[in-house]
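Trainee: Could we go through this model together? I would like to start with what kind of model it is.

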Amino acid sequence: MTQSRLGTALITGASSGIGAVYAERLARRGHDLILVARNRERLNALAKRLSDETGRNIEVLAADLSDRADLARVEERLKTDASISLLVNNAGIGATQPLLESNVDTLEDLLTLNVNVLMRLTYAAVPGFVTRGDGTLINIASIVGIAPELLNGVYGGSKAFVLAFSQSLRHELADKNVRVQAVLPGATATEFWGAAGTPLEHLPEAIVMRAEDMVDAALSGLDQGEFVTIPALPDIADLDAYEAARQKLMPNLSLSKAAARYRTED
Ligand code: NAP
């Protein structure tokens, strides 16, 4: 098999749900793939099916990203494989219980995967993208990154990190020909919900999107050059207004004097 002209996409959390759909769509677009997750059997089955169907080179890199030695193997691959042109930081876990019903050790594990791992893999991949003057980073955040009241606050906070980190990277890498996209899915029909503590069947059908539809919308957003993609949001003007309000705050967030409303009469 010849090497892909589009380069290789490394996808974390590719064994199920959103990551498995990215694998399929990116192979069909012509990328070679490196599939990362813990479940080797599932990854092997997906790799075989996709390489049979698309003729692309598809490799399995089984790793528990919460394990430092396994994570180091994936970081090393990102640092040394110059064929990698796209990183999809998708592996993540959720939590739906409120603070008072949550286990703090489980939430710490969540932060390790959703925040620390994503950060380390990004730091492993981006220098190569910059050197080669070409690369794309897709970070799977969530709508709870901007609406943390909806689920567990630590999960929401982890996704707010993904969005803020992506925002900063986009700014820093603006003139380096490295693309950054943050995807903010709403509820998506995957195994995520059962694992996070709320069966998918408990959600109103009207708010749940198929994973295939979510990923197709996110890839359409990427093709359109979007930085933030919210697949469900009907009117892009609402997102533009949200960003405009943020930009309007910028010049006044750090000044030598407190605002008049906080000054005591003198
Ligand atoms: P999913 O089907 O449960 O997929 C999660 C993936 O992460 C699996 O492939 C899992 O594979 C992998 N993973 C979990 N722990 C791992 C670890 N320690 N090391 C390596 N891989 C690990 O759920 P999903 O909905 O597709 O979730 C993907 C991303 O979308 C997550 O970041 C999630 O926060 C985000 N998201 C989901 C929704 C939703 O409603 N579903 C909404 C917004 C955002 P193994 O078990 O084989 O390791």
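Predicted model: local features only at pLDDT ≥ 70, side-chain atom pairs only at ≥ 80, totals over all residues.

Trainee: How many residues does helix α4 have, and how far does it reach?

Mentor: Helix α4 covers residues 104-132, which is 29 residues, and spans 42 Å from its first C-alpha to its last. That is close to the expected 42 Å, where the expected span is 1.5 Å times one less than the number of residues. Helices (H or I, at least four residues) and strands (E, at least two) are DSSP runs, numbered from the N terminus.

Trainee: Where does α4 bend?

Mentor: The bend is at Thr-112 and amounts to about 30°; it is the angle between axes fitted to the seven residues ending there and the seven starting there.

Trainee: What is found just after α4?

Mentor: Gly-133 follows, with a positive phi of about 65°.

Trainee: Turning to Ser-85, is it buried or exposed?

Mentor: Ser-85 is buried, at 11% relative accessible area (buried is under 20%, exposed over 50%, partly exposed in between, with a 1.4 Å probe and protein chains only). Ser-85 belongs to strand β4, residues 84-89.

Trainee: Which residues does Ser-85 touch?

Mentor: Not counting residues up to four places away in sequence, its contacts include Leu-6, His-31 and Phe-129, contact meaning heavy atoms within 4.5 Å. A polar atom of the Ser-85 side chain also lies 2.7 Å from the backbone oxygen of Leu-6.

Trainee: And Val-162, where is it placed?

Mentor: Val-162 is in helix α5, residues 153-172, and counts as buried at 0% relative accessibility. Leaving aside neighbours within four places in sequence, Val-162 contacts Asn-114, Leu-118, Asn-139, Ile-140 and Ala-141.

Trainee: Now the ligand: which residues come nearest?

Mentor: Of the 30 residues around the ligand, Ile-18, Arg-38, Asn-90, Tyr-155 and Thr-190 come nearest; a residue is near if one of its heavy atoms lies within 4 Å. An oxygen atom of the ligand is 2.8 Å from a polar backbone atom of Asn-90. The protein covers 93% of the 880 Å² of accessible area that the ligand has on its own, by the Shrake-Rupley method with a 1.4 Å probe.

Terms used. Residues numbered from 1 in each chain as written. Heavy atoms only, no water. Polar contact = N/O pair within 3.5 Å; in protein donor to acceptor, adjacent residues only side chain to side chain.
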